[in-house]
Amino acid sequence: MAGRRWPVALGLLVLGPVLAAAYAGVNLVAIKAAVKAQITSPAWAGGRLGPDGMTALGADTWQLVWWTALLAGVLGMAYAVIGVLLRRPGRGRTMLFVLSGVLVVPYVLAVVVALLNPVRLTAQLYRSPDFAGGLPAWQAGTVLILVAAGLAQAAGLFLAAAEGRRAAGALREAQP
């Protein structure tokens, strides 16, 4: 039974960074759609585009999303490493649990930033209704990708910790 749980736990642990990258990618698609709406509007009147085809607003919103996804991705990698280490029997498991509890704070911060929807918020700060109107309706729901990533990694940590607990118990029973 233990051999079956490990691939599931590992898959859940790896899902965190993968979903953080998906969050960034999906938001990039939404931002590019909003930029296209912004530059095709009559109010645009020949403003400048960056070499990447982004307006200043598009580039700024992309940076906010990118930094949020990077934070979630790095924390997701840390949770994956913690999960692998929790699977092993031995000392140091309490410290890993404490570290995983501390890392929840910046992860929640990343989710709160995503929940505030920096793309729409920045469009409002720039007073660009064309950009905001060009955002796909589903863009506001992309925060759920980061929430799903966190939940998947929490489940993966639980499974990895249970595996480590079973391994430690078996190791104690095997000793004379």
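## Largest pocket

Tyr79, Val104, Tyr107, Val108, Val111, Gly150, Gln153, Ala154 and Leu157 line the largest pocket of this predicted model. A pocket is an open set of points on a 1 Å grid, with protein on both sides within 12 Å along at least five of seven lines; lining residues have an atom within 4 Å of a point. Its volume is about 160 Å³. H3 and helix H6 (143-174) each give two or more residues to the lining. The lining divides into seven nonpolar, two polar and no charged residues. Here Ala, Val, Leu, Ile, Met, Phe, Trp, Tyr, Cys and Pro count as nonpolar, Asp, Glu, Lys and Arg as charged, and the others, Gly among them, as polar.

## H2 against H3

Helix H2 (residues 56-87) packs on helix H3 (residues 93-115) at about 160°, with axes 10 Å apart. H2 is therefore roughly antiparallel to H3 (angles over 145 degrees count as such). The contact (heavy atoms within 4.5 Å) includes Leu71, Leu75 and Tyr79 of H2 and Leu96, Leu103 and Tyr107 of H3. Its residues are 18 nonpolar, two polar and two charged.

## H2 against H4

H2 also packs on helix H4 (residues 118-125), at about 145° and with axes 9 Å apart. Leu57, Thr61, Leu64 and Val65 of H2 meet Pro118, Val119, Thr122 and Ala123 of H4. Six of these contact residues are nonpolar, two are polar and none is charged.

## Basis

Residues are numbered from 1 along each chain as its sequence is written, and side-chain values use heavy atoms, without hydrogens and water. The model is predicted: local features need pLDDT of at least 70, side-chain atom pairs count only at pLDDT 80 or more, and totals for chains, interfaces and linings use all residues.

Key: Axes fitted to C-alpha atoms, helices over the stretch in contact; angles between N-to-C directions. Helix = DSSP H or I, 4+ residues; strand = E, 2+ residues; numbered from the N terminus. Parallel < 35°, antiparallel > 145°, perpendicular 65-115°, else oblique. 1 Å grid on protein atoms, 1.4 Å probe; cavity = no way out; pocket = protein on both sides within 12 Å on 5 of 7 lines; lining within 4 Å. Points joined across faces, edges and corners; volume = space filled by probe spheres on them.
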